[in-house]
Amino acid sequence: MTAVGGTLVAERSGEADIAPPATMFIFGASGDLTKRLLMPALYNLAVEKLLNAHFSVVGVDHIARSEQDYRDYLDSTVPGLIAGHSNAPEKIDSAAWSWLVERCGYVSGDFEDEDTYRRLADRIAAIAAADGHANAVFYLAVAPRFFGPVVDHLGKAGLLKETPDGFRRIVIEKPFGTDLTSAQALDAALLRDTTEKQIYRIDHFLGKETVQNVMALRFGNGIFEPIWNREYIDHVQITAAETVTVEARGRFYDATGALRDMVPNHMFQLLSMVAMEPPNSFDADAVRTEKAKVVEAIRRYSPEEALKWSVRGQYRAGDIDGRVVSDFTSEPDVSPDSTTETYVALKYMIDNWRWSGVPFYIRTGKALSVRRTEIAIQFKRAPSVLFRDTPTGTLEPNLLVIHVQPDEGISLRFAAKVPGRKVKLSKVDMDFRYSDYFRAEPSTGYETLIYDCLIGDATLFQRADNIEAGWAAVQSLIDATAGGHGDIHPYAAGSSGPEAADELIGRDGFSWLPLRGRI
Ligand code: BG6
């Protein structure tokens, strides 16, 4: 620990082991994900010296270019995109960056052409001869329509068969299917030539430190678990508000919408971290089993109930902190008569012993007034009988807020006496900020996920049943709104979302935490 500005700052512990040797084949080597997140994450792992001397990357893409051309492309695009260095690429650790770029190769080829996979097999054989390992991670940073075909070709080429000197792992990005049936079909296709243990389904929210910290908060402290249940908790609010619009993703987003894009995956990750039972261990399957159980316990609504307990909204022209935004329907690649939601608010009940009767409210949307992801746990009020004859009146409930991003931390709201002769209470906040205690390393959130995949730890990845349980919980709303059915409530860009969402939570006598200001 070192003192910084009077505060104790914990050093990042350097206890992690160097990952085993491996080759990471990145399908979609010239895509956005590769340059914005994967390469910067690999660079950060190289800076931390966590990659093996026999680690290498092979980009796979249809663009015809030489290995040297690919390295030059990485060299000219990635350094300016590395988190924490975007305004100062000169601060890049050039030794670590060169170390990484030297290890990058390239195979050009069509994802649907058998020949591409023959070349990959040759590459693996050459690496095995030179470096003595045949470990391969196949990272599918490609459009979802290629997930099935790429895995199918890998299987047919025999590249998914593990040997004593070679593990074979597949990393697959979201969106994992577009509904329950398509997710099940994709799982079946993936599992034809692999076992579940070889598949690493990414939900990048699990790479966020604060999301992982929910487990530390709940299970590493003695004071929270005893009150973490229906006896003490009134309701839970989970918010992922974004200021960004659909930007250049109009085609994808118009076909997807806020529900599919965020709820069965990211929002349910947050929900399951908060609501799961303590696992028997931090073993990957122990954790994932508890997470699957809680998502499976989400009440399955009928289509009518799904409509009743949800509000879908779409942004209209507005202003976000001085940035002028136009209607969603006039965004590039969005249909002018689109009924796709850019905002969704939902109420869910979890039908198990711990949570019976405790509503979980979820809201997420684009073009809102602030960027903020948080989980708010509102406790039951203390009886106000003692204060009945004082100016205090009704007592405010205690509130524990986990700030996932930005401004990561945890706040606890409680009542304190206002100094003076009269007994008057006021709400006050106790505030923990990560940045006051820990030095934040530049991170994309993908470092942990890539490292975990290399060492074979699947705890932070989604098992098939986790994914399918998520889709099953939202399926009735997908069905009820298919073909443009159901109301879409307009809201102004830069607002807190549609008023109907306030009415949804208001029906139960609650209100959303305001989107402006911390706690
Ligand atoms: C992605 C969604 O999975 O998550 C995006 O497709 C969304 O629409 C993003 O903006 C949010 O992630 P983060 O890490 O920026 O909160």
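Modeller: A residue is called buried when its relative accessible area is under 20%, exposed when that area is over 50%, and partly exposed in between, with a 1.4 Å probe and protein chains only. This is a predicted model, in which local features need pLDDT of at least 70 and side-chain atom pairs count only at pLDDT 80 or more, while totals for chains, interfaces and linings use all residues. Residues are numbered from 1 along each chain as its sequence is written, and side-chain values use heavy atoms, with hydrogens and water left out.

I start with a pair of rings. F27 and Y117 are both buried. Rings of Phe, Tyr and Trp (its six-membered ring) count as a pair if their centres lie within 6.5 Å; planes under 30 degrees apart are stacked, over 60 edge-to-face, and the rest tilted. The whole structure holds 21 aromatic pairs under this rule. In one of them, the ring centres of F27 and Y117 are 6.2 Å apart and the planes meet at 20°, so this pair is stacked. Helices (H or I, at least four residues) and strands (E, at least two) are DSSP runs numbered from the N terminus. Because F27 sits in strand 3 and Y117 in helix 4 (residues 114-131), the pair ties together parts that are 90 residues apart in sequence.

F111 and F146 make an edge-to-face pair, with 5.3 Å between the centres and 80° between the planes. This pair also links distant parts of the chain, 35 residues apart: F111 is in the loop between strand 5 (104-108) and helix 4, and F146 in the loop between strand 6 (136-140) and helix 5 (147-156). F111 has a relative accessible area of 8% and is therefore buried. F146, at 17%, is buried as well. F27, F111, Y117 and F146 form one aromatic cluster.

F111 leads on to the annotation. An unreviewed UniProt entry lists G28, A29, S30, G31, D32, L33, T34, K35, R65, D110, F111 and K174 as "binding site". These residues span 147 residues in sequence and their farthest two C-alpha atoms are 27.9 Å apart, so they do not all gather at one spot. UniProt positions are given in the numbering used here, feature names are shortened, and annotations may be inferred rather than shown by experiment.

G31 is in the loop between strand 3 (22-27) and helix 1 (32-47). Its relative accessibility is 25%, so G31 counts as partly exposed. Contact means heavy atoms within 4.5 Å. Apart from neighbours within four places in sequence, G31 is in contact with D61 and Y73. L33 belongs to helix 1. Not counting residues up to four places away in sequence, L33 touches L38, Y139, A141, E173 and Y446.

K174, also on the UniProt list, is part of the lining of the largest cavity. On a 1 Å grid over the protein atoms alone, a cavity is a set of points where a 1.4 Å probe fits but cannot get out, and lining residues have an atom within 4 Å of a point. Grid points are joined across faces, edges and corners, and a volume is the space filled by probe spheres set on the points. There are four cavities of 30 Å³ or more, and the largest has a volume of about 120 Å³. Its lining consists of K174, P175, F176, G177, I202, D203, R260, P264, N265, Q462, I467 and W471. Helix 8 and helix 13 (464-480) are the elements that give two or more residues to this lining, and helix 8 gives the most, with three. By type, the lining divides into six nonpolar, three polar and three charged residues. Here Ala, Val, Leu, Ile, Met, Phe, Trp, Tyr, Cys and Pro count as nonpolar, Asp, Glu, Lys and Arg as charged, and the others, Gly among them, as polar.

The peptide bond from K174 to P175 is cis, with omega near 5°. P175 is located in the loop between strand 7 (168-172) and helix 6 (180-190).

How values were computed:
1 Å grid on protein atoms, 1.4 Å probe; cavity = no way out; pocket = protein on both sides within 12 Å on 5 of 7 lines; lining within 4 Å.
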